[in-house]
Amino acid sequence: MAGPSGVGTRTFSQHIADRQKGFPEARGEFTALLQEIMVAAKVISREVRKAGLIDALGLTGRMNIQGEAVQILDEFANETIIRNVGHTGHLCVLSSEENAEPIPIPDQYPRGGYVMTFDPLDGSSNIDGNVSIGTIFSIHRKRSSGTDGTLEDLLQAGRDQVAAGYIIYGSSTILVYSTGRGQGVHGFTLDPTVGEFLLSHPDIRIPTDGRIYSVNEGNTGRWDEKTRKVVAGLKGSDNPRGEPYSTRYIGSLVADFHRNLLYGGIFLYPPDAKHPTGKLRLLSEAAPMSFLAEEAGGKATTGRERVLDVVPKELHERVPLIVGSPREVEWAERILAS
Ligand code: P6P
């Protein structure tokens with residue numbers, strides 16, 4: 001039985017096709033690109049769900065650009081996205097959290113007018129523990145002349161994204177995306193019996209006030225004094241609620257972000273002695289999540305400035321990320337920027 005606004009029956013494909021109608025000049029390239037991301041998500045979801053049965057858990061024995069051990073599923077997800085999304089003529093260059101350099105489009109494939117940065121399987125160190133993980137994507141328009149994408153096309157501020165989203169492989173597989181400009185944030189749950197992402201979370205709005213805080217408190221000894229003051233405040237009564245917040249931390253950004261997006265709250269990955277500019281990657285983690293948070297009525301800051309205003313200088317640049325309900329993020333930012 002269809003719920004309001006097609007909940008439970010409206011497919012992702014129908015949703016983005018309808019969205020395109022609002023842009024008469026659209027030639028369908030952007031819609032087709034989102035479609036291809038959806039197909040890649042279905043393929044990755046299938047492998048993630050049966051990983052334990054096909055010996056796809058575990059490590060490849062290699063390290064990625066981040067100095068992190070590459071999981072077998074990391075590599076599968078990375079290759080799936082590069083092939084399914086990169087070789088279909090809508091992108092002119094890609095950048096993956098797994099790859100040191102930009103990924104050019106092979107000569108035999110057409111180029112398009114968009115660039116995409118992605119994290120193929122964020123939180124993948126949690127795979128073997130069956131903890132929710134996710135794919136994150138961020139799309140900009142090509143800016144440089146010529147047909148091939150360049151580093152300049154990839155190093156764009158988050159405020160110029162034309163779309164961003166994630167797929168969370170959790171108790172169910174949910175695709176959450178936004179094209180910004182007041183179009184809203186929308187969630188689609190994969191119904192494996194029909195093989196479609198069906199609208200499940202129309203027009204997500206993050207609660208203005210939260211009750212949850214998410215941070216790795218194992219880093220407390222590495223934080224500066226202002227960060228310790230913010231987290232101590234959240235654990236006590238010197239905070240916007242006047243009473244302690246609940247702590248929820250999974251250690252998988254997509255899972256922590258998704259929960260706080262729906263329930264409200266504040267997620268923090270602040271700088272620490274081990275990560276002086278923060279741990280999370282600007283282009284493939286912080287900027288897309290901040291784009292979604294702001295489009296859903298939330299806030300996202302580095303502690304000093306709006307994440308979406310940061311102009312990247314390097315592909316794998318890291319930033320601090322404080323993101324979530326506006327009341328909590330604004331409170332934290334006042335302390336961190338003081
Ligand atoms: P820590 C996963 O490796 C990740 O990049 C994010 O998904 C997650 O939020 C963060 O790192 C967790 O880092 O240091 O708390 O384990």
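Visitor: How many salt bridges does the count come to?
Guide: The structure above is a predicted model. Side chains of opposite charge can pair when their charged atoms come close. A pair is counted if a side-chain nitrogen of Lys or Arg is within 4 Å of a carboxyl oxygen of Asp or Glu. By this rule the count comes to 19 salt bridges.

Visitor: How far apart are the closest N and O atoms in the salt bridge of Lys21 with Asp18?
Guide: Both Lys21 and Asp18 belong to helix H1, residues 12-21. They are three residues apart, about one turn of the helix. The closest N and O atoms of the two residues are separated by 3.0 Å.

Visitor: Is Lys21 buried or exposed?
Guide: Exposed means a relative accessible area over 50%, and buried means under 20%. Lys21 has 66%, so Lys21 is exposed.

Visitor: How many residues apart in sequence are the parts that Asp209 and Arg327 tie together?
Guide: The side chains of Asp209 and Arg327 form a salt bridge, at 3.6 Å from N to O. Asp209 is in the loop between strand S10 (196-201) and strand S11 (212-214), while Arg327 is in helix H8 (residues 326-336), so the pair ties together parts that lie apart in sequence by 118 residues.

Visitor: Which residues are linked with Arg159 in a network of salt bridges?
Guide: A salt bridge needs a Lys or Arg on one side and an Asp or Glu on the other. In this network, Arg159 is linked with Glu294, Arg306 and Asp309.

Visitor: Which elements do the buried residues of H8 pack against?
Guide: Among the buried residues of H8 are Val329, Trp331 and Ile335. The buried residues of this helix pack against helix H5 (225-235), strand S13 (266-269), strand S15 (299-301) and strand S17 (321-324).

Visitor: What distance does helix H3 reach from its first C-alpha to its last?
Guide: Helix H3 covers residues 72-86 and has 15 residues. At 1.5 Å a residue, 21 Å is expected. The helix comes close to that value, reaching 20 Å.

Visitor: Are H2 and H3 roughly parallel or roughly antiparallel?
Guide: Helix H2 (residues 29-49) packs with H3 at an angle of about 155°, and their axes are 9 Å apart. Angles over 145 degrees count as roughly antiparallel. H2 and H3 are therefore roughly antiparallel.

Visitor: Which residues of H3 make the contact with H2?
Guide: H2 passes H3 in a right-handed crossing. On the H2 side, the contact includes Leu33, Ile37, Ala40 and Val48. On the H3 side, it is made by Leu73, Phe76, Ala77, Thr80, Ile81, Asn84 and Val85.

Visitor: Which residues is Arg49 in contact with, leaving aside its neighbours within four places in sequence?
Guide: Arg49 is in helix H2. With 42% relative accessibility, Arg49 counts as partly exposed. Once those neighbours are set aside, Arg49 is in contact with Tyr169, Gly170, Ser172 and Thr173.

Visitor: What is the phi of Asn130?
Guide: Most residues other than glycine have a negative phi. Asn130 is in the loop between strand S5 (114-122) and strand S6 (133-141), and counts as exposed at 73% relative accessibility. Although Asn130 is not a glycine, its phi is positive, about 60°.

Visitor: Where is Arg181, which has a positive phi near 50°?
Guide: Arg181 is a residue other than glycine with a positive phi. At 52% relative accessibility, Arg181 counts as exposed. Its place is in the loop between strand S8 (173-178) and strand S9 (185-191).

Terms used:
Residues are numbered from 1 along each chain as its sequence is written. This is a predicted model: local features need pLDDT of at least 70, side-chain atom pairs count only at pLDDT 80 or more; totals for chains, interfaces and linings use all residues. Side-chain values use heavy atoms; hydrogens and water are left out. Helices (H or I, at least four residues) and strands (E, at least two) are DSSP runs, numbered from the N terminus. Buried means under 20% relative accessible area, exposed over 50%, partly exposed in between (1.4 Å probe, protein chains only). The expected span of a helix is 1.5 Å times one less than its number of residues. Axes are lines fitted to C-alpha atoms, for helices over the stretch in contact, and angles run from 0 to 180 degrees between N-to-C directions. Angles under 35 degrees count as roughly parallel, over 145 as roughly antiparallel, 65 to 115 as roughly perpendicular and the rest as oblique. A crossing is left-handed if the near helix is turned anticlockwise from the far one by less than a right angle, and right-handed if clockwise. Contact means heavy atoms within 4.5 Å.
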